[in-house]
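Hi,

Here is the structure I promised to pass on to you.

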Amino acid sequence: MQLPLAYLDGAAIQEVPIDLWRDVFDVVGWLPSLANIRQSFGHEDVLRAFSQDEPTDSLLHALEALHTLGTEAGREAIMSAIQDRGVPPGELPTGKGEREFALRFYIAQRTSTSLADAFIRAQIHVQEGGNQHRYNEFTGKEARRINGLDSKKEALREEILLFCRQSDLGDHVHVEAFEDDGIYVFNILRSHRTQKPLAVVPGHSARATIEFRPVHGDVIRYDALVGRLRIAARASSMVEFYREVLGRTLFNDESFFDGNAVCSLSVLQERWQDALENHGVFGIGRVWMTECLWERGDRELYQIRSTDCFRSMEELHLPLSQGALLQAKLKCEVIGKSTRPVTVNIRVPSRIEISQKAH
């Protein structure tokens, strides 16, 4: 089993100190490629191990905490949860960044009943607040392997650096790339637009603005077996640039990923509820549609929200065959320990949003 693409975020990995990663692996188990270098590994070794080693269930749980709770909203959810449980503030570390705080909280809750309850409350709070991860997918003109990955990686870095400089996104770009059985993953760390938040500098009482450029971690995955490109970018404005530059850099064709649409909702128009009831997808139980956007004629749009959209359409006698579904929100029951449905929002031709990153 490979780790979900969202967990291969180089920026998130580097925001966690190596000493803390060592503590995490002591708790969840050491990955094979790190076991022999416990005292000398670095962040690049962690990223490489995540990309090639089989993750344990405990590691997946820790990474889920890192990505769902390791944000400003996640930290607020943790603090609210521990206050509800009456946990003494001294049980949690102070002066830590969001990522480090979330992982230390994960480790602490494994041996504390009160913290374990707060951990669950915080996760539920974040999930109910709309913890979505967005992917944009494109299909190439043909399925082709990438030749000369190292040189292509450097060419890609130079292209991104030039774009960032021209777009006022700074001048810091770092690209890592690896290939695993025909699947190529590019980890991109780059500076973004300048921020000037009001803050208090340690050792000073006066407020002041601090100017800095945040670092965004974007992950790109190309499956050479089917020619499919998946882009997970922090800023949606980068998606179109990545689509073009990857075609140009990897295959000398800027429009290489201008192929057929990745996702289509036509099957729902043709088969209605039967398409969801008899999907045949392993690991997925019941699926139902709770929201959709239907276009009829020239810009005549109908947005339907219901516990069962198909039932509502039948009651309204909507002629689906005379229009086109542009967007659908599906609730999916995932077979496993959790009974919480996963929300999948599909917008043709290439956008997929998933409410829980692990899925």
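R157 is partly exposed, with a relative accessible area of 24% (buried means under 20%, exposed over 50% and partly exposed in between, using a 1.4 Å probe and protein chains only). Its side chain meets that of E154 in a salt bridge, at 3.1 Å from N to O; the term stands for a side-chain nitrogen of Lys or Arg within 4 Å of a carboxyl oxygen of Asp or Glu. E154 is also partly exposed, at 32% relative accessibility. Because the two are three residues apart in helix α9 (residues 149–166), about one helical turn separates E154 and R157. Helices here are DSSP runs of H or I with at least four residues, strands are runs of E with at least two, and both are numbered from the N terminus.

Before you go further: this is a predicted model, in which local features need pLDDT of at least 70 and side-chain atom pairs count only at pLDDT 80 or more, while totals for chains, interfaces and linings use all residues. Residues are numbered from 1 along each chain as its sequence is written, and side-chain values use heavy atoms, with hydrogens and water left out.

The structure holds 25 salt bridges. One of them pairs D274 with R271, with the closest N and O atoms 3.0 Å apart. D274 is partly exposed at 32%, and R271 is partly exposed at 36%. Elsewhere, salt bridges with shared partners join E240, R243, E244 and D258 into one network. Within it, the side chains of E244 and R243 meet at 3.5 Å, N to O; R243 is buried, with a relative accessible area of 6%, whereas E244 is partly exposed at 26%.

The largest nonpolar core has 73 residues, and W21, F25, F50, F105, L268, M289 and M313 have the most contacts inside it. Such a core is a set of buried Ala, Val, Leu, Ile, Met, Phe, Trp, Tyr and Cys residues joined through side-chain atoms within 4.5 Å. Helix α5 gives the most to this core, with seven residues. A second, separate core of 31 residues includes I160, V175, Y184 and I231.

Which residues of helix α4 (residues 43–52) are buried? They are V46, L47, A49, F50 and S51. Beyond its neighbours within four places in sequence, F50 is in contact (heavy atoms within 4.5 Å) with residues including L3, Y7, W21, F25 and L63.

Happy browsing!
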